[in-house]
Amino acid sequence: MRRSVMAFERAEIFPESDLPDPSELIEHGRRLAKDVSLGTCAFLQEHAVASELEYKRRCVSQGRVMFQAQVGYRDIVKTERVCLEIDAHLRARGYRVDRYGLIFDRSMGYPSQVRAQRPHGTGLLVHDPERLKALTARVPVAPHFGDHMIGPPASVENTIMALEAGSTSLGNLAQYYTFDLLYEGSDLPRTEATIKAIALVAALPVEVIVHSNVDDGFASLFTDLCCSIGIVLVEQHIVGGLLGATLAHSFGQTFPNPFHRIAFQRALGRVEPQAGTMIYGDTTEFSAEPWSNVAALSTSLTADLLAQRLSPTLHAIMPVPLTEFSRIPEAEEIITAHEAANGLNARIESLLPLVEVSAADVMADRLVDGGRRFAKALFDGFEQAGIDTDNAVEMLLAIKRLGPRRLEKLFGPGEIRPGRARRKAVVASNTIVEIEAKTDTLVNSLSKEVRSALETKALVACVGTTDVHEWGKLGLERAFEQLGVAVVDAGVNADPEQVVRCALEQGADFIALSTYNGIALTYARALRKAMSVAQLELPVYVGGRLNQVPEGSNTSLPVDVTEKLREEGCNPCTDVEEMLHHLADANTG
């Protein structure tokens with residue numbers, strides 16, 4: 001039996017004296033299923049199918065590529081109007097949107113009784129489930145409820161809401177691990193709710209997809225793509241083997257390399273041939289420059305369309321609107337992206353004779369082999385530590401509590417490198433490699449004066465994120481480490497009070513926050529309040545997506561809050577370089 005590095009004991013992962021009984025949770029979910037009626041919707045009626053998965057298999061058998069549009073305004077009336085407008089316009093052109101990914105707000109993850117008191121982002125808020133039923137009854141497109149249905153503390157009530165609205169594809173299981181909510185506290189309620197919800201879905205007479213987005217979980221934080229396939233295999237054991245539901249994965253947002261996109265699609269098709277949700281366009285290379293985004297969109301679309309022609313899977317392709325980086329796209333911008341995708345799809349056949357996939361298949365083989373080694377090592381390691389791999393509660397909690405870096409260090413298929421924090425990747429993740437390369441280039445480009453000012457101050461930085469998006473934090477930490485700035489990790493999805501406590505205990509000289517999900521101002525105000533209570537006076541630097549939907553807005557669109565952040569006493573920064581220059585000039589340390 002393989003021994004893992006950095007071995008751990010069961011008591012380290014499970015300090016609790018008692019954990020929930022998974023059999024009781026599963027039975028609870030099954031009982032709930034008896035009282036849940038799967039609703040109909042315009043999509044199921046139009047295509048005379050019992051589920052979206054039945055429709056998907058039909059499309060693949062007909063050789064037809066499927067497409068998805070992402071729609072998620074805070075206001076449900078606007079969401080419905082835009083869905084209808086997109087569908088009508090594309091049908092008039094002879095095209096079709098097969099499914100909508102409705103983007104629900106992160107606050108939907110809270111139980112409904114406390115939701116109103118929690119921070120809201122930019123996504124769809126559903127106050128009345130009947131209104132959601134009205135939307136799906138009118139829009140003749142498969143409703144994919146991807147975010148915050150399965151995985152958060154509100155999993156059970158949200159899953160019931162989705163099912164009764166006619167959705168037969170819902171998720172996002174990957175968010176169970178990474179999308180912790182502010183002020184959530186214990187991870188036990190979300191674990192119990194997630195298992196109940198999946199057991200409920202599994203007990204239904206109709207095949208419902210439990211969706212998991214590779215890019216939303218730990219996979220985007222692994223340096224080795226083999227570990228991403230490994231997590232797919234482990235989730236299959238939990239969702240399919242232990243809970244009896246149908247699992248399907250998506251990917252794409254963090255895959256800028258077209259060769260990797262095709263290889264990963266082929267690898268995923270080998271380990272999960274009977275299910276699939278969508279393949280996102282790459283968003284990591286999008287910027288405020290529209291013409292640069294045209295290149296990024298064209299590259300990912302070409303790779304994804306070729307992949308579906310060469311080896312069809314049950315995934316729909318999701319073209320990214322060119323304005324995605326700057327703001328929530330409007331209907332005409334979503335339509336434009338889909339017109340481009342359909343136009344390219346009509347021409348892609350002519351490229352097939354030019355495509356040689358043997359090299360992609362070699363990489364796909366390495367991904368599958370490495371993924372299987374990761375999964376086996378994880379199961380062996382868990383058993384060595386006394387973790388029951390046939391217990392869904394223990395499996396989910398152990399994966400979540402170990403986290404991506406330690407999981408990869410413990411179980412990754414790559415070689416251990418003495419003195420290095422990470423293993424050598426079998427198939428390196430482009431995203432992590434690019435973040436590190438860009439950060440190194442930035443640090444090396446700094447003037448001698450700036451480098452010297454930072455290196456001689458011996459500063460201590462308290463670094464955290466307001467939400468799940470960790471890439472900005474990773475780049476920031478790497479830059480600080482190279483410049484002699486000590487890093488104190490306040491964590492991801494860090495509560496403001498947690499950040500303040502961390503800064504106080506570790507003697508930080510300043511706080512650096514990365515934010516993305518449209519809560520920059522709300523978070524900053526809560527942080528300043530917590531600092532005031534603790535009598536902590538430190539500079540606060542905030543970078544990332546500095547926007548928020550104004551309270552009472554009837555547009556659902558976020559606005560820039562840079563100046564308001566300054567009014568709150570924070571230092572907003574457009575990028576890491578600006579922040580480093582601020583630090584070099586500041587009288588800290």
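These exercises work through a predicted model, with a solution after each task.

Residues are numbered from 1 along each chain as its sequence is written. Local features need pLDDT of at least 70, side-chain atom pairs count only at pLDDT 80 or more, and totals for chains, interfaces and linings use all residues, while side-chain values use heavy atoms, without hydrogens and water.

**Exercise 1. Confidence**

Task: Find the mean pLDDT of the protein and the stretch where pLDDT stays under 50.

Solution: 
- Start with the scale: pLDDT is the predictor's confidence in each residue, from 0 to 100.
- The mean is 91, and 96% of the residues reach 70 or more.
- Residues 1-5 stay under 50. For these residues the model has 20 contacts beyond four places in sequence, a contact being heavy atoms within 4.5 Å.
- Where pLDDT is low, the predicted coordinates should not be read in detail.

**Exercise 2. The buried side of helix 19**

Task: List the buried residues of helix 19 and say what covers them.

Solution: 
- Helices (H or I, at least four residues) and strands (E, at least two) are DSSP runs, numbered from the N terminus. Buried means under 20% relative accessible area, exposed over 50%, and partly exposed in between (1.4 Å probe, protein chains only).
- Helix 19 spans residues 496-506, and its buried residues are Pro 496, Val 499, Val 500, Cys 502 and Ala 503.
- These residues lie on the same side of helix 19 because they cover an arc of only 160° around the axis. The arc is taken from the directions from the helix axis to the C-beta atoms.
- The cover includes strand 9 (460-465), strand 10 (486-491), strand 11 (510-515) and helix 20 (520-533).
- Just after helix 19, Gly 507 has a positive phi of about 65°.
- Ala 508 is in the loop between helix 19 and strand 11. Ala 508 is buried, at 8% relative accessible area. Beyond four places in sequence, Ala 508 touches Val 460, Cys 462, Ala 503 and Leu 538.

**Exercise 3. Aromatic pairs**

Task: Count the aromatic pairs and classify Tyr 176 with Tyr 177.

Solution: 
- Apply the rule: rings of Phe, Tyr and Trp (its six-membered ring) pair if their centres lie within 6.5 Å; planes under 30 degrees apart are stacked, over 60 edge-to-face, and the rest tilted.
- The count is 13 aromatic pairs.
- The ring centres of Tyr 176 and Tyr 177 are 5.3 Å apart and their planes are at 80°, so this pair is edge-to-face.
- Tyr 176 is buried at 0% relative accessibility, and Tyr 177 is buried at 5%.
- Phe 510 and Tyr 541 also form an edge-to-face pair, with 5.8 Å between centres and 90° between planes. Phe 510 lies in strand 11 and Tyr 541 in strand 12 (residues 540-544), so the pair ties together parts 31 residues apart in sequence. Both Phe 510 and Tyr 541 are buried.

**Exercise 4. Cores**

Task: Which residues have the most contacts inside the largest nonpolar core?

Solution: 
- A nonpolar core is a set of buried Ala, Val, Leu, Ile, Met, Phe, Trp, Tyr and Cys residues joined through side-chain atoms within 4.5 Å.
- The largest core has 107 residues, and those with the most contacts inside it are Ile 86, Tyr 100, Leu 367 and Phe 382.
- Another core lies apart from this one; it has 31 residues, among them Ala 508, Ala 530, Val 542 and Val 561.
- Follow Phe 382: its contacts beyond four places in sequence include Phe 8, Met 395 and Phe 411. Ring pairs link Phe 8, Phe 222, Phe 374, Phe 382 and Phe 411 into a cluster.
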